[in-house]
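Good morning, everyone. Please bring the model up on your screens and keep the sequence beside it.

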Amino acid sequence: MPENSETILGQDFNRRQLLLFALPTLLMMLFLGLYTVVDTLFVAHFVNTDALAAVNIVTPLISLVVGLGTMLATGGNAVISRQLGEGRPRQACHSFSLIIFTGALLGLILALLGSLYLEPLLQFLGASAGIARYARPYLRILLLFFPAYLLQTIFANLFVTAGHPGLGSLLAVASGLLNIALDYIFIVKMQMGVAGAAWGTGCGYLLPSLAGLLFFGLRRQENLHLCRCAWQPAVIAESCLNGCSEMVGQLATAVSVLLFNHTMQRLAGDDGVAAITIMNYAQFLFNTLYIGFGMGVAPIIGYNYGSRNFGRLRRIIGCCLEFIAAASLANFLLAFGGGQILVRIFAGPQGEVFQLAAGGFQIFAVSFLFGGLNIFSSALFTALSDGQTSALLSFLRTFGFLTPAILILPQIWQQTGVWLAIPAAEGLTLIFSLFCLHRLQRRLP
């Protein structure tokens, strides 16, 4: 495959070629999901379930970092790939560099603010005294790596735009293996507890971010590389507008995690928070398939939209929808049939945490029938520079429908209502996703 990113994105992809192009990014996201789960497994088995709950308590802050990085990356990707499709590689390079520099600055600001207001943050996140004992050192260390985490999120998207999806996947694998190895050393061998988990995770963030800076800083002959660039508010504003759905999604995820944690704390105490943690990580793991696929095909969609090749764009979108439908059915069957096996990996079968999580997992598994199309639809409209539609779908899925579901359903069905909340929100969002896709089909020439 040619190295020139314009040549790669301008190919006439068939189903097999499209999947092969997206496969490195898809595998990268799956691996990131797997090593995130492995990270929590070390905490669950070699510390305790209170420590597992502590990791979940700080998830809203992690969602904020991921949201900012994904907003800049996916929104910027739409701008950059469109500029390449329009035959403006120099402007694409400037936009590319500006997005990376902006992401690094945002990471530094977040790290500083989090360190200054650590205790109020823990109180806001709802950490009980027992959970805060583990969450405090975990978050204090993790804050040091927020700039690297934000850059890692950006590079994960922009390696694809630059025509190097395989390199992004390789770095994700290397990062995950480093994280797992350091978790074993710090948690198991050195008995550092959650502090060891934070150091291992942080070093995992650092590897791909430094590698990305070196790669794009040294390869000056390519269209996309780090270069001196002027401050262009319009580029950042357009990137944020295009990618705001991803930011909305992550912020809404943060709010929903807060609500889930508070609700389960009220219904089942710290064990309930640990049980909902297992659900959150399982959802993240399964959804990485859709997220990775959407990231992988987004530059192709954006390029063909920018070059006004609408016939090819229609075929590509059709192939994507076929893949999402098949993957959704497979994920549902796997989650429905193997839910208890997955829960047993996190918690012993005799404990209260296992009983709580296993009892609700088959209800929760229904969400995988609907979530794939919702996630891909949001990514599709982002790639088409339609940030408003993308933001609406993401908002409905992760906040507009989910928040009322969390607040209302547990009042009716107690813990069963907690497990029903996500399937209900995904099912309602699916109606809007299908409507937006139908409207898009009529709008394209």
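How many salt bridges does a search of the whole structure find? The search finds four. A salt bridge here is a side-chain nitrogen of Lys or Arg within 4 Å of a carboxyl oxygen of Asp or Glu.

Some ground rules before we look. This is a predicted model, where local features need pLDDT of at least 70 and side-chain atom pairs count only at pLDDT 80 or more, while totals for chains, interfaces and linings use all residues. Residues are numbered from 1 along each chain as its sequence is written, and side-chain values use heavy atoms, with hydrogens and water left out.

Start with R15 and E322. They form a salt bridge, with the closest N and O atoms 2.7 Å apart. R15 sits in helix α2 (residues 15-46) and E322 in helix α13 (residues 310-346), so this pair ties together parts 307 residues apart in sequence. Helices here are DSSP runs of H or I, at least four residues, numbered from the N terminus. R15 is exposed, at 53% relative accessible area. E322 is partly exposed, at 41%. The cut-offs: buried is under 20% relative accessible area, exposed is over 50%, and partly exposed is in between, using a 1.4 Å probe and protein chains only.

Next, E119 and R136. Their side chains meet in a salt bridge, 2.7 Å from N to O. E119 is in helix α6 (residues 118-125) and R136 in helix α7 (residues 129-142), 17 residues apart. E119 is partly exposed at 34%. R136 is partly exposed too, at 27%.

Now R397 and E426. This salt bridge spans 2.9 Å, N to O. R397 lies in helix α16 and E426 in helix α18, so the pair ties together parts 29 residues apart in sequence. Are these two buried or exposed? Both R397 and E426 are buried.

Stay with α16. Helix α16 (residues 387-400) and helix α17 (residues 402-413) have axes that come within 5 Å and cross at roughly 15°. That makes α16 roughly parallel to α17, a label for angles under 35 degrees. The axes are lines fitted to C-alpha atoms, for helices over the stretch in contact, and angles run from 0 to 180 degrees between N-to-C directions. R397 is one of the α16 residues in the contact, and L402, T403 and P404 contribute from α17. Contact means heavy atoms within 4.5 Å.

Over to E426 again. What does F370 touch, leaving aside its neighbours within four places in sequence? P423, E426, G427 and L430. F370 lies in helix α15 (residues 368-383) and is partly exposed, at 22%. F370 and L430 are 60 residues apart in sequence, yet 6.1 Å apart in space, C-alpha to C-alpha.

Next stop, S433. It lies in helix α18 (residues 415-443). S433 is buried, with a relative accessible area of 0%. Beyond its neighbours within four places, S433 is in contact with N374, S377 and L393.

Helix α3 (residues 49-57) is mostly covered. Seven of its nine residues are buried, including A51, L52 and I57.

Last, the surface. L105, I109, L112, L113, L116 and Y117 make a nonpolar patch of about 620 Å². Patch residues have over 30% relative accessible area and no salt bridge, and nonpolar side chains (Val, Leu, Ile, Met, Phe, Trp, Tyr) are joined within 5 Å. I109 lies in helix α5 (residues 89-116) and is partly exposed, at 40%.

Note on methods
Patches are made of residues with over 30% relative accessible area and no salt bridge: like charges are joined within 9 Å, nonpolar side chains (Val, Leu, Ile, Met, Phe, Trp, Tyr) within 5 Å. Accessible areas come from the Shrake-Rupley method with a 1.4 Å probe; for residues, only the protein chains shown count as cover. Helices (H or I, at least four residues) and strands (E, at least two) are DSSP runs, numbered from the N terminus. Angles under 35 degrees count as roughly parallel, over 145 as roughly antiparallel, 65 to 115 as roughly perpendicular and the rest as oblique.
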